[in-house]
Amino acid sequence: MDPARAGTSADVPLLSQQNSPTRENNRWMIWRAVFNVSTTIIGAGIMSIPATLKVLGVIPAFLLIVLVAILVDITVNFMLRSTYAGQSTTYAGLMKENFGKIGDVFSGKGEHLGILQEWFGIHWWNSRYLSILYTVLFVVLPLVLYRRVESLWFSSAVAIFLAIVFVGICTVMAVIAIAKGKIVRPRMLPELNSTSSFFNLFTAIPVIVTAFAFHFNVHPIGIELGKPGAMTTAVKISLVICAAIYFSIGIFGYLLFGDSINVDILVNFGKSSGSVAISPILNDVVRLSYALHLMLVFPLLNFSLRANIDELIFPKKEHLATDTKRFMYITLILLALSYVVAIAIPSIWYIYQFMGSTSNACLAFIFPGAIALRDVHGLSSRKDKIIAVVMIVVAVVTSIIAIAANIYYLIGNSS
């Protein structure tokens, strides 16, 4: 840990400190870390997973989910080994430690009516813009103003519970549809009718990559646990839980709505499309529960983002939590930018496609692989370096193809 940055915002623990933790306390701390890691992973990404099954087919999608989870586990191990051997306290600091200042810089419309509009009709005060603004001001803002986030393990547990409720509802509905014979058999393999359909497969890969990206929260959670083994255990448990949740919502969402599945499955609940008629009350329960889940996810993501940006812009400043003015400026600016992006880009599919092909591919695979190759602490074995090279090459190639395919389809749709 860098003495110059001792007590930085990244050091503010996500979990409460224990002076002499017992085995039971250690086990409980690991599970609290599991809640935080799992909540970081399962954000809005779950909503687009069923659409990837439609594009890839059930079997390739399942294999890709498993493969990405395994690769994420490997890359997190690369990061943890380098972190505990060095002095970094954030992802930006880790990149700076391995690659100097340049590494530090590199790491740093509605399709359906909203619930308020369905309940009260379409009015100016329940428009999409103002509904998001209400959420930002009265729900998200109070949560992100916490200087310490050690109690977020409980809100993370609630968020995971809400995600499981969401998956459970879809599962029950799909089973009922199967019993009534109202579903169409899903495609096990993708349809490859042309060259364009082949390249279309690559547009689904970034979505799954984005759904598993949580590397920016490795430091605040891992540093609190103290031991690499504890964080490694928490990550493995979280990845198994999240992979199971992702494939469950993918397969049952696909069975429920078939080829009419939208890139955002919540749109399907709003339209009640597919093989099963969905009651308005169930629609509202599903969408409200997942909206609350996302509200609880945002403060956890915002914490790491704020810590990394603070270290990038103010590397020599005092502890962020003790500087109220700087803390408020960074927090409010990030919140305002998030609101603008939410308004400007209403379709999460495009965000996942381009973020998964660019920034998340770098954060999840390319940067950790580069850290293993750079190996400033002499920790990487020959096997690690081979895996890192293969991972970087595959990530770069698939990202380039995905970006080209995304641009091609965007131009085709606009014309």
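These legends accompany close-up views of a predicted model. Local features need pLDDT of at least 70 and side-chain atom pairs count only at pLDDT 80 or more, while totals for chains, interfaces and linings use all residues. Residues are numbered from 1 along each chain as its sequence is written, and side-chain values use heavy atoms, with hydrogens and water left out.

**View 1. Tyr91 in helix α4.** Tyr91 sits in helix α4, residues 91-99 (helices are DSSP runs of H or I, at least four residues, numbered from the N terminus). With a relative accessible area of 2%, Tyr91 is buried (under 20%; exposed is over 50%, partly exposed in between, with a 1.4 Å probe and protein chains only). Met79 is twelve residues away in sequence, and its C-alpha lies 8.6 Å from that of Tyr91.

**View 2. Helix α3 against α4.** Here α3 (residues 58-85) packs on α4 at about 75°, the axes being 11 Å apart (lines fitted to C-alpha atoms over the stretch in contact, with angles from 0 to 180 degrees between N-to-C directions). The two helices are therefore roughly perpendicular, a term for 65 to 115 degrees. From α3, Met79, Ser82 and Thr83 meet Tyr91, Leu94, Glu97 and Asn98 of α4 (contact: heavy atoms within 4.5 Å).

**View 3. Helix α15.** This helix spans residues 324-344, and its 21 residues reach 30 Å from first C-alpha to last, close to the 30 Å expected at 1.5 Å a residue (1.5 Å times one less than the number of residues). Among its buried residues are Phe327, Ile330 and Leu334.

View 4. Cys170 is buried at 0% relative accessibility, whereas Cys362 is partly exposed at 23%.

Methods:
Angles under 35 degrees count as roughly parallel, over 145 as roughly antiparallel, 65 to 115 as roughly perpendicular and the rest as oblique.
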